[in-house]
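Please look at the model shown here, together with its sequence.

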Amino acid sequence: MWMIYAAGSAFFAGITSILAKCGIRKTDSTVATAVRTIVVLLFSWGIVGIVGSGSQIFSVSGKTLLFLVLSGAATGASWLCYFRALQTGDINKVVPIDKSSTVLTILLALLFLGEGINMGKAWAVAAITLGIFLMMEKKDVGAKSDTKEGKHGWLFYAAGSALFASLTAILGKIGITDVESNLGTAVRTCVVLVMAWAMVFLTGKQREVRQIDKKELLYICLSGIATGASWLCYYRALQEGPASVVVPIDKLSVLVTVAFSYIVFKEKLKPKAAAGLLLLTAGTVAMALL
């Protein structure tokens, strides 16, 4: 059953990317993220109300609550590092490092969760790694690496983004062991909300919230609902399945994103990227079956 939830997580995550892209054409991405997190929070607590697990919050152990908070903090830290890296470095350098979180999560699951990896899974990890590498396409971006921070700082932030994204999965896995997954998702979203809005105020962009285009606001809200659905599926899958398999399946959201990008934006994959997508898919399927 957990594989179905993992697949659902990938589907909704893919939809999120498309809706978010439609919602940040004019709107600052940091502001959009903060607004979207409000929708995710309302959505997640709404699900908690429907399933009736809200009262369980009073019986959550201190250890579980700690790991849920740490998981939420890791998510917020990953976003902070990722956007900072994009601000000071080139996309074609930042993105490959950020996406290495998939492989890093598998390694951390092996070290801290004791999730074994046989020779077949080792080859699957290699295929996923090569697939991610091949899918990295260079994009024309503005020259942002002339400053001292741009030359050296972006690498630190990009690595931090990948590390915190991996820690999110590991900490989340531990944090939802003894709590209903929907409630766990809602609790950690509260932490993400605080960090997202802290980022808005720290960057002085709070006034831009009132200037969001109504059409883009709709897309941002829809992406928030999709994000909420993805997170609910993701943490339910983590609760029941191994993180070393759930995370790669979740990353198959790229299949949904590629499909909708072609339909909506008419974007096509180059042969090299298509080969990478094939390897990524094959490696993920192998991880699930081996």
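## Basis of the report

This is a predicted model, in which local features need pLDDT of at least 70 and side-chain atom pairs count only at pLDDT 80 or more, while totals for chains, interfaces and linings use all residues. Residues are numbered from 1 along each chain as its sequence is written, and side-chain values use heavy atoms, with hydrogens and water left out.

## The whole chain

The protein chain has 12 helices and 0 strands. Helices (H or I, at least four residues) and strands (E, at least two) are DSSP runs, numbered from the N terminus.

Of the 290 residues, 49% count as buried, where buried means under 20% relative accessible area (1.4 Å probe, protein chains only). Contact means heavy atoms within 4.5 Å. Among contacts with a separation of 6 or more, 90% are between residues 24 or more positions apart.

Helix α6 covers residues 119–135, and its 17 residues should span 24 Å at 1.5 Å a residue. The expected span is 1.5 Å times one less than the number of residues. The end C-alpha atoms of α6 are 24 Å apart, which agrees. Its buried residues include K121, V125, I128 and M135.

Helix α8 has 22 residues and reaches 31 Å from its first C-alpha to its last, close to the expected 32 Å. Of these residues, 16 are buried, so α8 is largely enclosed by the rest of the structure. Just after α8, G204 takes a positive phi of about 65°.

## How α8 and α9 pack

Two packed helices are described by the angle between their axes and the distance between the axes. For α8 (residues 181–202) and α9 (residues 214–240), the angle is about 125° and the axes are 9 Å apart. Axes are lines fitted to C-alpha atoms, for helices over the stretch in contact, and angles run from 0 to 180 degrees between N-to-C directions. The two helices are therefore oblique to each other; angles under 35 degrees count as roughly parallel, over 145 as roughly antiparallel, 65 to 115 as roughly perpendicular and the rest as oblique.

On the α8 side the contact is made by S181, N182, T185, R188, T189 and V192, and on the α9 side by W231, L232, Y235, R236 and Q239.

## Residue I176

I176 is found in the loop between α7 (148–175) and α8. It is buried, with a relative accessible area of 0%. Leaving aside neighbours within four places in sequence, I176 is in contact with L68, Y235, L238 and Q239. I176 and L238 are 62 residues apart in sequence and 8.0 Å apart in space, C-alpha to C-alpha.

Definitions and conventions: Buried < 20%, exposed > 50% of the residue type's maximum accessible area, 1.4 Å probe, protein only.
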